[in-house]
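Visitor: Hi! I'm new to this one and would like a friendly tour. Could you put it up on the screen?

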Amino acid sequence: MSAVYSLIIVLALVLVAVVGAGGGGLHALFGVVIPYVAFVVFLAGFIYRVINWAKSPVPFRIPTTAGQQESLKWIKQNKLDNPSTTWGVIGRMVLEILFFRSLFRNTKMQLKVNGGPSLSYGSSKFLWVGAIVFHYCFFIILLRHGRFFTDPVPGCIEWLDKLDSILQIGVPNIYITEFLIVGALLYLFLRRVCDSKLRYISLPADYFPLFLIMAIVITGILMRYFIRTDIVAAKDLIMGLVTLHPKVPETLGTIFYVHVFLVSILMAYFPWSKLMHAGGIFLSPTRNLANNNRMKRHINPWNYPVKLHTYEEWEDEFRDVLKEAGIPVEKE
Amino acid sequence: MYDKDKIIPGLIIFFFLITFPLWYNLGQAAYESPKPKLPVNVKKCIEDTEWMRANHMELLNEWRDMVVRHDMTHYVNSAGVNYEISLQKTCMKCHTSKKEFCDKCHVKVSVSPYCWDCHVAPEEVTNGQ
């Protein structure tokens with residue numbers, strides 16, 4: 001059901017753009033106003049979320065992180081999984097952000113019944129492969145789009161574009177990342193629907209970004225190979241946006257506005273959704289804090305000065321009564 | 001806010017990365033749409049101009065297949081005019097300069113068709129003579 005809702009929402013969004021930009025001809029709205037608003041929402045929302053997170057104190061280092069912590073000399077420390085120094089933490093963060101180490105360590109539990117029940121844990125790398133392919137493709141595609149956002153186009157973007165189309169198949173040349181990202185998205189989607197446990201815990205908020213990104217990819221592929229539009233005009237529009245002199249060329253096809261509208265929705269949705277893990281990963285306490293609990297005292301920031309009432313004070317307060325009852329007191 | 005010394009620089013880096021196109025294009029002259037030099041003595045391209053702008057690569061691809069795969073040497077356009085299929089002899093007869101025509105657009109959007117690895121652009125011929 002969650003998947004169906006999400007799909008309906010994404011299709012409705014496509015329809016909005018088709019009707020608005022195609023039928024209604026609201027090109028300035030879909031080509032200029034909405035992208036600008038979405039970008040501002042993205043930027044402000046992202047910064048707001050990060051600052052909001054930074055407001056929560058994280059006083060305690062989390063020592064239970066899948067590796068031996070620094071201890072006595074003859075016990076070997078796992079320096080990457082349970083670092084006690086800043087450099088160790090940087091190593092752990094780099095592995096996490098660039099190579100998704102936590103996902104790489106993903107395991108799958110299996111219960112074998114024949115011949116007596118036996119529980120086994122096996123390595124499960126599919127999710128890691130799907131995730132890493134998806135994220136790197138997304139990243140390369142994002143950078144490749146730099147050719148529409150810069151003039152002159154920097155050499156590294158040109159170079160990346162060449163590398164991605166190195167197979168030189170078809171005209172225009174197909175990109176390798178296009179195939180890979182479609183495959184990865186399909187896997188990430190099927191993973192959720194085919195496994196009943198995963199299906200049970202999947203929410204519309206899990207399906208919606210998948211479908212939205214899939215729709216963006218599909219409209220992009222359509223625009224490049226099937227429903228072509230005037231790319232020079234597309235660059236005119238985009239350069240107008242980034243130089244803050246927006247203009248709306250007339251020759252752009254509806255497909256372009258659908259693509260841009262979906263991207264705008266993604267930008268505006270990003271900070272308020274699970275996609276914020278892009279920023280959150282830098283702030284995850286199990287990853288970015290050195291486990292130096294045994295070397296350094298970490299003071300709880302919400303400690304307040306506790307009002308004490310010592311025994312001496314208590315005795316002073318009740319001395320007369322204590323004496324009267326014949327109880328011994330320390331000070332006469 | 002905690003860890004200001006790390007969060008603030010991080011956010012500043014994020015801000016500059018994400019707004020890269022805004023400041024990258026800042027110092028430069030306003031963006032100008034490419035103006036390929038159009039032929040003077042003819043008025044019409046092979047197909048409708050608008051269509052050509054978006055689909056010329058598709059047409060070229062089709063032409064190539066027609067010649068190389070299907071042994072067809074002539075193309076009849078939607079208006080019924082017959083053209084000899086050739087990148088060098090037909091396209092470049094009207095569009096006499098690769099530099100002033102094709103490249104004008106291609107440089108702007110950073111495409112460099114590899115066709116010219118083999119096919120000879122007109123200007124190179126005149127220069128070589």
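Visitor: Thanks! What area is buried between chain B and chain A?

Guide: About 3,400 Å², and carbon and sulfur atoms give 66% of that. Buried area here is the accessible area (1.4 Å probe) that two parts lose on being put together, summed over both. Before we go on: this is a predicted model, where local features need pLDDT of at least 70 and side-chain atom pairs count only at pLDDT 80 or more, while totals for chains, interfaces and linings use all residues. Residues are numbered from 1 along each chain as its sequence is written, chains are lettered from A and ligands numbered from 1 in the order in which they are written, and side-chain values use heavy atoms, with hydrogens and water left out.

Visitor: Got it. How many residues does each chain bring to the contact?

Guide: Chain A brings 41 residues and chain B brings 32 residues. Contact means heavy atoms within 4.5 Å.

Visitor: How many salt bridges cross between the two chains?

Guide: There are 3 salt bridges across that interface. The rule asks for a side-chain nitrogen of Lys or Arg within 4 Å of a carboxyl oxygen of Asp or Glu. One of them pairs Arg53(B) with Asp230(A), with the closest N and O atoms 2.6 Å apart.

Visitor: And which helices of chain B supply residues to the side that touches chain A?

Guide: Helix 1 (4-18), helix 2 (20-24), helix 3 (49-68) and helix 5 (98-108) of chain B each supply at least two residues. Helix 3 of chain B gives the most, with 8 residues. Helices (H or I, at least four residues) and strands (E, at least two) are DSSP runs, numbered from the N terminus. By residue type, that side of chain B has 19 nonpolar, 8 polar and 5 charged residues. Ala, Val, Leu, Ile, Met, Phe, Trp, Tyr, Cys and Pro count as nonpolar, Asp, Glu, Lys and Arg as charged, and the others, Gly among them, as polar.

Visitor: Let's stay with helix 3 of chain B. Where does it bend?

Guide: At Asn55(B), by about 75°. The bend is the angle between axes fitted to the seven residues ending there and the seven starting there.

Visitor: Which residues of that helix are buried?

Guide: Among them are Met52(B), Asn55(B), Trp63(B) and Met66(B). Buried means under 20% relative accessible area, exposed over 50%, and partly exposed in between (1.4 Å probe, protein chains only). The buried residues of helix 3 pack against strand 1 (74-76), strand 2 (82-84) and helix 4 (87-94) of chain B.

Visitor: Switching topic: how many salt bridges are there over all chains?

Guide: The structure holds 17. One of these salt bridges joins Asp81(A) and Arg105(A), at 2.9 Å from N to O. The two sit 24 residues apart: Asp81(A) is in the loop between helix 2 (27-54) and helix 3 (86-99) of chain A, and Arg105(A) is in the loop between helix 4 (101-104) and strand 1 (107-112) of chain A.

Visitor: Is Asp81(A) buried or exposed?

Guide: Asp81(A) has a relative accessible area of 5%, so it counts as buried. Arg105(A), at 38%, is partly exposed.

Visitor: What about Glu100(B), which residue does it form a salt bridge with?

Guide: Lys104(B), with the closest N and O atoms 3.2 Å apart. Both lie in helix 5 of chain B, 4 residues apart, about one turn of the helix. In general, an α-helix has 3.6 residues a turn, so residues three or four places apart point the same way.

Visitor: Last one: what is the phi of Ser110(B)?

Guide: Positive, about 55°, although Ser110(B) is not a glycine. Most residues other than glycine have a negative phi. Ser110(B) is in the loop between helix 5 and helix 6 (122-128) of chain B, and it is buried at 9% relative accessible area. Leaving aside neighbours within four places in sequence, Ser110(B) is in contact with Arg147(A), Val153(A) and Glu158(A).
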